[in-house]
Amino acid sequence: QVQLVESGGGLVHPGGSLRLSCEASGSTFNFEIMGWYRQAPGEERELVGLKYTDGNTELGDSVKGRFTISRDNAKNAVYLQMNNLRPEDTAVYYCSGQRILSPSSRSLYWGQGTQVTVSS
């Protein structure tokens, strides 16, 4: 069974940095797309960033210039470097992996989530 295991969340002061990691286990394939979403209390889950195996990157508008997403295809892992954190970045961060089965079909996997709290 494929699992996405996240680590690196925690409490940080405004302006601080955190690095989240996510590695797939139990997988016999590499995800074509890996990335991060986040969900704050009372809010919908939103895209933070995606990284494709070909190197292309998508980042949410609210994190551009502050967050960097990278991946290690050999490890089937994705990372999120978060700098200059703000209180509004407080959320549960979820790792995601997408497997492209066909042009119209994808299989989506989620991690269990890791809490990031930005507070003074």
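Colleague: How many disulfides does the structure hold?

Modeller: One disulfide. Keep in mind that this is a predicted model. The bond joins Cys22 to Cys95, with an S to S distance of 2.0 Å.

Colleague: Where in the chain are those two cysteines?

Modeller: Cys22 is in strand S3 (residues 18–25) and Cys95 is in strand S9 (residues 91–102). They are 73 residues apart, so the pair links distant parts of the chain.

Colleague: Left-handed or right-handed?

Modeller: The torsion about the S-S bond of Cys22 and Cys95 is about -80°, so this disulfide is left-handed.

Colleague: And are Cys22 and Cys95 buried or exposed?

Modeller: Both Cys22 and Cys95 are buried.

Colleague: Switching to charges. How many salt bridges does the structure hold?

Modeller: Four. One of them is between the side chains of Arg38 and Glu46, at 2.6 Å from N to O. Arg38 also meets Asp89 in a salt bridge, at 2.9 Å from N to O.

Colleague: Where do Arg38 and Asp89 lie?

Modeller: Arg38 lies in strand S4 (residues 33–39), while Asp89 is in the loop between S8 and S9. The pair therefore ties together parts that are 51 residues apart in sequence.

Colleague: Which residues are linked with Arg38 in a network of salt bridges?

Modeller: Glu46, Arg66 and Asp89 are linked with Arg38 in that network.

Colleague: What about Asp61, which residue does its side chain meet in a salt bridge?

Modeller: Lys64, at 3.1 Å from N to O. Asp61 is exposed, with a relative accessible area of 67%. Lys64 counts as partly exposed, at 48% relative accessibility.

Colleague: Now the inside. Which residues of the largest nonpolar core touch the most other members?

Modeller: Trp36, Phe67, Leu80, Met82 and Tyr93, out of 24 residues in that core. S3, S4, strand S7 (67–72), S8, S9 and strand S11 (114–118) each supply at least two residues of this core.

Colleague: Which strand gives the most to this core?

Modeller: S3, with four residues.

Colleague: Let's pick out Met82. Which strand is that residue found in?

Modeller: Met82 is found in strand S8 (residues 77–82). Met82 is buried, and the relative accessible area there is 0%.

Colleague: What is Met82 in contact with, leaving aside neighbours within four places in sequence?

Modeller: The contacts of Met82 are Gly16, Ser17, Leu18, Leu20, Arg66, Phe67, Tyr93 and Val116.

Colleague: How far apart are Met82 and Arg66 in sequence and in space?

Modeller: Met82 and Arg66 are 16 residues apart in sequence and 6.2 Å apart in space, C-alpha to C-alpha. Arg66 is also part of the salt-bridge network with Arg38, Glu46 and Asp89.

Colleague: Last one. Which residues does Tyr93 touch, not counting those up to four places away in sequence?

Modeller: Tyr93 touches Met82, Trp36, Phe67 and Leu80, among others. The list for Tyr93 also includes Glu6, Leu20, Tyr37, Arg38, Val48, Gly113, Thr114 and Val116.

Methods:
Residues numbered from 1 in each chain as written. Predicted model: local features only at pLDDT ≥ 70, side-chain atom pairs only at ≥ 80, totals over all residues. Heavy atoms only, no water. Disulfide = S-S within 2.5 Å. Buried < 20%, exposed > 50% of the residue type's maximum accessible area, 1.4 Å probe, protein only. Contact = heavy atoms within 4.5 Å. Core = buried A, V, L, I, M, F, W, Y, C linked by side-chain atoms within 4.5 Å.
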